[in-house]
Amino acid sequence: MNNLNPKEIWSKATDQLRVEIGEDADLWLKPIEALRLDNQVLIVKVPNRFFSDGIKNRYQQRLISLFKEISGLDISLDYEISVDLTNRLPATDPISEPVAQSDFTPSDFNPRYTFASFVVGKSNRLAYATAEVISKNPGVQYNPFFLYGGVGLGKTHLLHAIGNALRQFSPKARVHYTSAEQFVNEYINSLHHKTPDDFRLKYRNLDCLLIDDIQFLIAKEACEQEFFHTFNALFDSRKQIVITSDRVPNEMTPYERRLTSRFEWGQIADITPPDLETRIAILRKKAENEQFFVPDDVILFVASTVKTNIRLLEGSLIRLKAFASMTGSSLTVDDAKEILKDSLPHGSSSPVRPETIQRVVSHKYSIEVKDMKGHQRTASIAMPRQIGMYLACIMTDLSSTDIGRLFGDRDHTTVLHARKKIQKMIDDDPFFLEVVNKLQSDIRAVDN
Ligand code: ADP
Ligand code: MG
């Protein structure tokens with residue numbers, strides 16, 4: 001059978017697959033082209049490895065058996081990654097001409113949400129890097145991009161950063177930011193006013209759609225359908241789509257999974273709560289932008305207290321600033337404790353018992369709890385004692401006098417000295433910062 005036509009085999013097999021799987025299969029199959037038949041290996045061209053991986057996982061087995069049904073031969077499947085990027089987004093004219101009838105109005109992007117104002121750390125590095133690539137080269141490498149993570153961790157910030165950057169790099173691009181909620185309202189309105197075609201025209205002619213909080217579509221059947229049509233239309237014409245969700249896949253119900261798993265075959269990244277170092281960097285940067293001087297120990301206090309939500313971190317800083325501008329004096333940790341006591345998340349801000357601090361720190365440094373209160377000055381004991389005093393300053397609501405008393409009847413100036421010294425070590429040494437960070441979480445974990 002040497003006159004077997006690879007394109008024919010592929011189109012017959014995929015037609016059958018569409019019948020079996022339904023429309024969903026198109027997302028995968030449409031961008032793929034049969035190239036040639038090489039020693040009973042059918043070579044197809046895929047846009048990137050997400051497609052080859054996706055097809056391997058989902059349809060490869062079935063395709064191979066269909067090849068056999070169609071040709072009577074054992075034909076296997078192999079992939080060639082298309083390097084012809086021009087085919088997807090012409091470099092000369094990356095952005096199509098505006099469509100006259102479309103009522104496209106440019107979205108407003110928050111000018112404060114840029115890549116430059118985004119602090120990068122372990123928790124958001126991949127998300128940031130992907131977003132940045134997209135902003136320079138939309139629709140090419142990471143499409144769709146699905147970004148998920150808890151509330152207040154920077155998803156919306158990154159969407160706006162993409163929008164702001166695209167506006168700068170490709171001023172003609174039709175870039176639109178919307179929340180899924182807005183999308184739903186707009187769609188319902190268009191039905192109400194009998195203008196769903198305008199709605200479609202607007203969305204399907206975008207160059208880049210940034211859609212926030214997709215979880216809002218859950219259980220809104222008609223809107224979900226409409227969104228998938230929009231999604232497919234944009235995807236088919238190689239337009240960039242970025243989607244965010246505040247549901248983390250392993251916390252989703254099966255229904256939610258069905259909605260969101262379809263987005264995952266492009267690029268996925270999650271944003272997790274920032275570590276202490278990143279929280280400190282965020283606070284420093286924000287304070288600097290506001291030209292608001294905050295002493296390092298206050299920054300550390302806030303950063304070690306507010307852990308899981310960057311919006312709260314910012315809110316704390318704003319409150320501190322309001323206080324500082326009222327009193328005109330420099331802030332202390334005690335001020336910060338007082339100012340923030342109502343607004344801090346419960347649990348992470350509640351004071352811990354000083355005994356727990358002494359127990360955990362002694363254990364970590366293999367000394368006796370009574371050494372914390374003793375008078376030995378060897379470094380192997382004095383240092384953990386100072387760490388204990390430092391932690392008591394930032395994790396309890398005791399005064400330095402009370403803390404001195406608990407650490408072997410020491411004077412409060414000894415406590416303040418310890419605090420300053422440890423603070424400096426933290427500032428100078430990121431590894432030590434991690435050690436102190438870990439101690440704090442251990443202390444919280446056992447202080448119940
Ligand atoms: P989400 O959309 O994930 O709920 P947002 O993007 O609204 O979170 O972020 C909440 C606030 O925290 C915003 O003001 C944002 O600018 C800020 N923020 C979040 N992550 C960072 C970061 N890595 N660097 C600087 N600011 C950040
Ligand atoms: Mg958001």
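Residues are numbered from 1 along each chain as its sequence is written, and chains are lettered from A and ligands numbered from 1 in the order in which they are written. Because the model is predicted, local features need pLDDT of at least 70 and side-chain atom pairs count only at pLDDT 80 or more, while totals for chains, interfaces and linings use all residues; side-chain values use heavy atoms, with hydrogens and water left out.

**The site of ligand 1**

Ligand 1 sits in the largest pocket. A pocket here is an open set of points, on a 1 Å grid over the protein atoms alone, where a 1.4 Å probe fits and protein lies on both sides within 12 Å along at least five of seven lines. A molecule sits in a pocket if more than half of its atoms lie within 2 Å of the grid points of that pocket.

The shell around ligand 1 holds 18 residues, and the closest are G152, T156, H157, R311 and E314. A residue belongs to this shell if one of its heavy atoms lies within 4 Å of the ligand. By class, the shell contains seven nonpolar, seven polar and four charged residues. In this division Ala, Val, Leu, Ile, Met, Phe, Trp, Tyr, Cys and Pro count as nonpolar, Asp, Glu, Lys and Arg as charged, and the others, Gly among them, as polar. At least two shell residues come from each of helix 6 (155–169), helix 11 (276–289) and helix 13 (310–327). Helices (H or I, at least four residues) and strands (E, at least two) are DSSP runs numbered from the N terminus.

The table lists polar contacts of the ligand, that is, pairs of N or O atoms within 3.5 Å.

| Protein atom | Ligand 1 atom | Distance |
|---|---|---|
| R311, polar side-chain atom | oxygen | 2.7 Å |
| K286, side-chain N or O atom | nitrogen | 2.9 Å |
| L153, backbone N or O atom | oxygen | 3.1 Å |

On its own, ligand 1 has 560 Å² of accessible area, of which the protein covers 96%. Accessible areas come from the Shrake-Rupley method with a 1.4 Å probe.

**Backbone features in loops**

The peptide bond from N143 to P144 is cis, with omega near -10°. P144 belongs to the loop between helix 5 (125–136) and strand 4 (145–149).

D213 is found between strand 6 (208–212) and helix 9 (221–236), in a loop. Q291 lies in the loop that joins helix 11 to helix 12 (296–305). For relative accessible area, buried means under 20%, exposed over 50%, and partly exposed in between (1.4 Å probe, protein chains only). D213 therefore counts as partly exposed, at 27%, whereas Q291 counts as exposed, at 74%.

**Buried residues and C-alpha separations**

C208 lies in strand 6 and is buried, with a relative accessible area of 1%. From C208 to F235 there are 27 residues in sequence and 9.9 Å in space, C-alpha to C-alpha.

R410 is placed in the loop between helix 18 (400–406) and helix 19 (412–428). R410 counts as buried because its relative accessibility is 15%. The C-alpha atoms of R410 and K373 are separated by 8.7 Å, and the two residues are 37 residues apart along the chain.

S316 lies in helix 13 and counts as buried, at 4% relative accessibility. Between S316 and A382, 66 residues apart along the chain, the C-alpha separation is 34 Å.

Conventions
Polar contact = N/O pair within 3.5 Å; in protein donor to acceptor, adjacent residues only side chain to side chain. 1 Å grid on protein atoms, 1.4 Å probe; cavity = no way out; pocket = protein on both sides within 12 Å on 5 of 7 lines; lining within 4 Å.
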